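Open the structure in your viewer and keep the sequence beside it. We will go from stop to stop, selecting as we go.

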Amino acid sequence: MVRKSKADALVTRQQLLDAAEQVFLSQGVAGTSLQQVAAAAGLTRGAIYWHFQDKAALFTAMMDRVTLPCECAFDLARSAAPCDPAATLRGMAMAPLRELSSHAQMQRVFRIAMHLTEYTGELAPVGERHRQAVAGFVGAMELPCRTLAPDAHGAALGLFGLIDGLMRQWTMDPSAFDLVAVGERAVAAYVAGLAATASPPAAPAGSRRKSPARPVPST
């Protein structure tokens with residue numbers, strides 16, 4: 001009986017999270033009450049409070065069911081070979097775009113988090129957690145940037161802005177462009193620009209440095 005009760009509780013929890021995802025997606029987090037989530041799940045409001053302290057706890061649990069796009073790059077950063085920082089940086093930048101484009105649930109949750117949530121009031125701690133995650137991702141990208149740019153932090157911030165902008169635009173209308181294809185071109189151009197500034201300018205083709213003239217011996 002105990003096992004059945006625990007299993008039932010888990011099923012109820014998943015029902016509530018599924019309902020929260022759908023209701024948040026349709027009317028935003030601020031415009032959704034816990035009663036509406038419970039009704040969408042076919043449960044009572046008491047069931048919500050049995051599993052979640054408040055809307056912030058419900059929202060956080062919904063987010064925790066997926067790996068957010070930027071988190072996908074952390075394992076790549078730890079396992080990347082240090083011998084090719086440009087390739088490492090491209091891989092880290094593309095990891096969130098590839099993950100987001102291939103997971104429907106991640107797309108729904110990310111759309112809620114980016115476009116349908118105000119991180120104020122009871123959701124302020126969730127917003128702070130998001131800022132910490134972004135700071136961690138930018139910090140991870142700084143490592144390969146150190147050999148490519150004099151301002152590694154600024155370079156990593158710029159690349160994150162590029163990634164974040166692509167994800168925001170794509171989640172508003174996924175039919176507008178191919179996230180991975182456009183991302184590959186944009187990231188490659190950005191990283192190539194960093195690599196170009198890190199390398200000394202090449203001498204023009206055919207040019208040779210003249211040797212200093214030898215002094216004419218006096219007679």
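Which residues of H4 are buried? Select helix H4, residues 55-64, to find out. Keep in mind that this is a predicted model. The buried ones are Lys55, Ala56, Leu58, Phe59, Ala61, Met62 and Met63.

Now select Asp54. Asp54 caps the N-terminal end of H4. One of its side-chain oxygens lies 3.2 Å from the backbone nitrogen of Ala56.

Next, select Phe59 and Tyr119. Their ring centres are 6.4 Å apart and their planes stand at 75°, so the pair is edge-to-face. Phe59 belongs to helix H4, while Tyr119 sits in the loop between helix H7 and helix H8; the pair ties together parts that are 60 residues apart in sequence. Phe59 is buried, at 0% relative accessibility. Tyr119 is partly exposed, at 26%.

Move on to Phe137 and Phe160. This aromatic pair is also edge-to-face, 6.1 Å centre to centre with 75° between the planes. Phe137 lies in helix H8 and Phe160 in helix H9. Phe137 is buried at 0% relative accessibility, and Phe160 is buried at 11%.

Then go to Thr32, in the loop between helix H1 and helix H2. Is Thr32 buried or exposed? At 3% relative accessibility, Thr32 counts as buried. Beyond its neighbours within four places in sequence, Thr32 is in contact with Val23, Phe24, Gln27, Val37 and Lys55.

Last stop: residues 33-52. An unreviewed UniProt entry annotates them as "DNA-binding region". This stretch is 75% helix and 0% strand.

Definitions and conventions:
Residues numbered from 1 in each chain as written. Predicted model: local features only at pLDDT ≥ 70, side-chain atom pairs only at ≥ 80, totals over all residues. Heavy atoms only, no water. Buried < 20%, exposed > 50% of the residue type's maximum accessible area, 1.4 Å probe, protein only. Helix = DSSP H or I, 4+ residues; strand = E, 2+ residues; numbered from the N terminus. Polar contact = N/O pair within 3.5 Å; in protein donor to acceptor, adjacent residues only side chain to side chain. UniProt positions renumbered as here; feature names shortened; annotations may be inferred. Contact = heavy atoms within 4.5 Å. Phe/Tyr/Trp six-rings, centres within 6.5 Å; stacked < 30°, edge-to-face > 60°.
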